[in-house]
Amino acid sequence: MEARGTSRHRRVAVLLGALALLAAACSDEPPQEEVTERRPVAAVCDATPPGPAQPPAGAVRVDPAVPGDLATKTADERAGTTFWLAPGTHRLGGGQYDQVQPKDGNTYVGAPGAVLDGGRVNQYAFTGHARDVTIRHLTVQNFVAPQNEGVVNHNSGNGWVIEHNTLQRNDGAALMAGAGQRVRGNCLRDNGQYAMNAYQAAGGITDLVVEGNEITGNNTGDWETRVPGCGCSGGIKFWAVDGAEVRGNWVHDNRGTALWADTNNNDFLIEGNLIEDNDGSAIFYETSYNAIIRDNTIRRNNWAQGREFAARNDSFPVATIYISESGGEPRVPARTDKIEIHDNVLENNWSGITLWENADRFCNSPANTSSGTCTLLVPDLGRCAQPGIAERPLYGDCRWKTQRVDIHHNHFAHDPATVGCTTSCARMAVLSNYGTYPDWSPYDGEAVQQAITFDQDNSWHDNTYVGPWTFVPFDASRVIDHNQWRIAPYRQDPGSTFTGGSGG
């Protein structure tokens, strides 16, 4: 199977780019050049630093020639022990549930060439609820975790440190997350569902750091095709995380969304990442609160998704940065009370930024795909019913609102020849649907369309546009050029510049 780094996207991009340069040479217009990334790429895969060639002082040696040696010695030794996995391929045994259950404070260090291999038999590598476990310099591969479950830190223990590892070719998620977890300098590639599934059944995760990793080729199982509408695939999925820093990662060539925060996440800082060549959105922030998205280089994303929508004549403005039922909320403590999207370079993606709010999706609605959950402002979803939901404060607090989104000082560049699109691309959008469901909904008609477009402090300003950009306000049927976008009634993008065609 071809490596994702030389995937069909990259080959098509090279071909189309060459054609674009040839066409430019025959025209009077100078060719558009891609802006190079503004900070170093986390090219970690096949370049992780090696672990110690000899056991650290006091470490217990684990022998690859003895099946199950790692699990046995972990059980026998006290909490806080360091284990050094000698060079070679380590096996846990022939049982589905043969696994390692660390104790609090254990450290696992791989020697150069140390591999923990599940043999396509074992479901999990490291499990249990131990705290402050460290795993470094180890390759973990060929485990077969079920859907939505993870191989490393399977039970989402708190305080784990995962550094300089290669987690590859596992089913499910290579890695789960707990509170206070640090994920740094890892190669997370070619896993069946996710590189990491940041979910903790016991409650929301706090203080999560994901830094300097290469996240590539994940969702080899093509889960959105296997389970249509599952929302269960891509690079990383975050659920109910309160406080996350995602910075300096190279997220590329994943099948599906690159970074996806879904349901009651809050206080995210997504900065300094290079996000490119992913099939779906680069960043999807859904039914969540308060985030800063800045200084990222984002290019050649959501081509596959965009073409799927175009092929079926679906007019919805699929997005490279997709803000769905998410916004700034001062009543939810965070480092910002907005969603701030600024100083990013978005280049030759299928489209731009979409701010969306589903008028039929709110607490206690059958249309709420986050079933059984309510907003952070109304924990008891049973309160979101008639007649109370029709009055303040429940009328506002029973839905996730796309509000207080501030989009500024970004560079948006789009060359149709490079992307290979002629319609339904290079769009910015702020819109909702006409409310119709359920029949007792207080948000029927144009109420939410009016609110998201005009009344919820969503703003574009001081951006730079290159290419034939169009804009979709209020609903998907309104497609306007930048001149209409800037005047009444929308009055968006003051201080912004537009070159390369109106796109109208």
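Trainee: What percentage of the 504 residues in the protein chain is buried?
Mentor: This is a predicted model, where local features need pLDDT of at least 70 and side-chain atom pairs count only at pLDDT 80 or more, while totals for chains, interfaces and linings use all residues. Residues are numbered from 1 along each chain as its sequence is written, and side-chain values use heavy atoms, with hydrogens and water left out. Buried means under 20% relative accessible area, exposed means over 50% and partly exposed lies in between (1.4 Å probe, protein chains only). On that scale, the buried share of the chain is 58%.

Trainee: How many helices and strands does the protein chain have?
Mentor: Both are DSSP runs numbered from the N terminus: helices are H or I with at least four residues, strands are E with at least two. Going by those runs, the tally is eight helices and 36 strands.

Trainee: Why does the protein chain count as being as compact as a globular protein of that length?
Mentor: Take the radius of gyration over C-alpha atoms and hold it against the globule rule, 2.2 Å times the number of residues to the power 0.38. For 504 residues the rule gives 23 Å, so the chain is as compact as a globular protein of that length, with a radius close to that at 24 Å.

Trainee: Is the Phe-454 and Phe-474 pair stacked, edge-to-face or tilted?
Mentor: The whole structure holds 21 aromatic pairs. Rings of Phe, Tyr and Trp (its six-membered ring) pair if their centres lie within 6.5 Å; planes under 30 degrees apart are stacked, over 60 edge-to-face, and the rest tilted. Here the centres are 6.5 Å apart and the planes sit at 45 degrees, so the Phe-454 and Phe-474 pair is tilted.

Trainee: How many residues apart in sequence are the parts that this pair ties together?
Mentor: Phe-454 is in helix H7 (residues 447-455), and Phe-474 is in strand E35 (residues 470-474). Phe-454 is partly exposed at 32% relative accessible area, whereas Phe-474 is buried at 4%.

Trainee: Which strands do the buried residues of H7 pack against?
Mentor: The buried residues of H7 are Val-448, Gln-449, Ala-451, Ile-452 and Thr-453. Contact means heavy atoms within 4.5 Å. The buried residues of H7 pack against strand E29 (353-357), strand E32 (427-432) and E35.

Trainee: Which residue with positive phi follows H7?
Mentor: Past the helix, look for a phi near 60 degrees. The residue after H7 with that positive value is Asp-457.
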